[in-house]
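Let's take a walk through a protein model and look at a few of its residues. Have the sequence and the 3D view handy.

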Amino acid sequence: MKPGIHPAYEPVVFRDTASGNAFLTRSTMTSDKTIEWEDGTTYPVVDVEISSASHPFYTGTARVLDTAGRVEKFQRRYGAR
């Protein structure tokens with residue numbers, strides 16, 4: 001890699017605003033907000049709206065859609081035309 005052209009790859013805390021869950025990882029994202037982590041070190045924090053802690057697919061709270069009912073509803077509205 002060429003020196004000086006890549007962004008800094010440093011530790012960052014990502015915090016899920018929906019569930020309050022936070023995790024420490026490395027990223028090129030930066031933020032002006034900081035948080036003191038469990039180890040006593042201050043890291044930049046990036047707030048995200050959804051993560052694996054709050055996404056329905058990962059938490060098992062996903063709704064099953066009645067696709068047959070949706071098709072029938074569409075046919076009632078537009079099928080006769």
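In which strand does Ser 27 lie? Look at strand β2, which covers residues 22–27. Keep in mind as you look around that this is a predicted model.

Is Ser 27 buried or exposed? Its relative accessible area is 12%, and since buried means under 20%, Ser 27 counts as buried.

Now for the salt bridges. How many does a search of the whole structure find? The answer is two. Here they are:

| Salt bridge | Distance between the closest N and O atoms |
|---|---|
| Arg 15 with Asp 47 | 2.8 Å |
| Asp 47 with Lys 33 | 2.6 Å |

Salt bridges that share partners tie Arg 15, Lys 33 and Asp 47 together into one network.

Asp 47, with 32%, is partly exposed, and Lys 33 is partly exposed with 44%.

Next, find Tyr 9 in the segment before β1 (10–16). Why does Tyr 9 count as partly exposed? Because its relative accessibility is 49%, and the exposed label needs a value over 50%. Tyr 9 and Thr 30 are 21 residues apart along the chain, and their C-alpha atoms are separated by 9.5 Å.

Last stop: the surface charges. Which residues gather in a patch of positive charge on the surface? They are Arg 70, Lys 73, Arg 76 and Arg 77. Let's pick out one of them. Arg 70 lies in helix α2, which runs over residues 67–79. With a relative accessible area of 54%, Arg 70 is exposed, because the cut-off for that word is over 50%.

To recap, you've met a buried serine, Ser 27, a network made of Arg 15, Lys 33 and Asp 47, and a positive patch that includes Arg 70.

Definitions and conventions
Residues are numbered from 1 along each chain as its sequence is written. This is a predicted model: local features need pLDDT of at least 70, side-chain atom pairs count only at pLDDT 80 or more; totals for chains, interfaces and linings use all residues. Side-chain values use heavy atoms; hydrogens and water are left out. Patches are made of residues with over 30% relative accessible area and no salt bridge: like charges are joined within 9 Å, nonpolar side chains (Val, Leu, Ile, Met, Phe, Trp, Tyr) within 5 Å. Accessible areas come from the Shrake-Rupley method with a 1.4 Å probe; for residues, only the protein chains shown count as cover. A salt bridge is a side-chain nitrogen of Lys or Arg within 4 Å of a carboxyl oxygen of Asp or Glu. Lys and Arg count as positive and Asp and Glu as negative; His and the chain ends are not counted. The place of a charge is taken as NZ of Lys, CZ of Arg, CG of Asp or CD of Glu. Helices (H or I, at least four residues) and strands (E, at least two) are DSSP runs, numbered from the N terminus. Buried means under 20% relative accessible area, exposed over 50%, partly exposed in between (1.4 Å probe, protein chains only).
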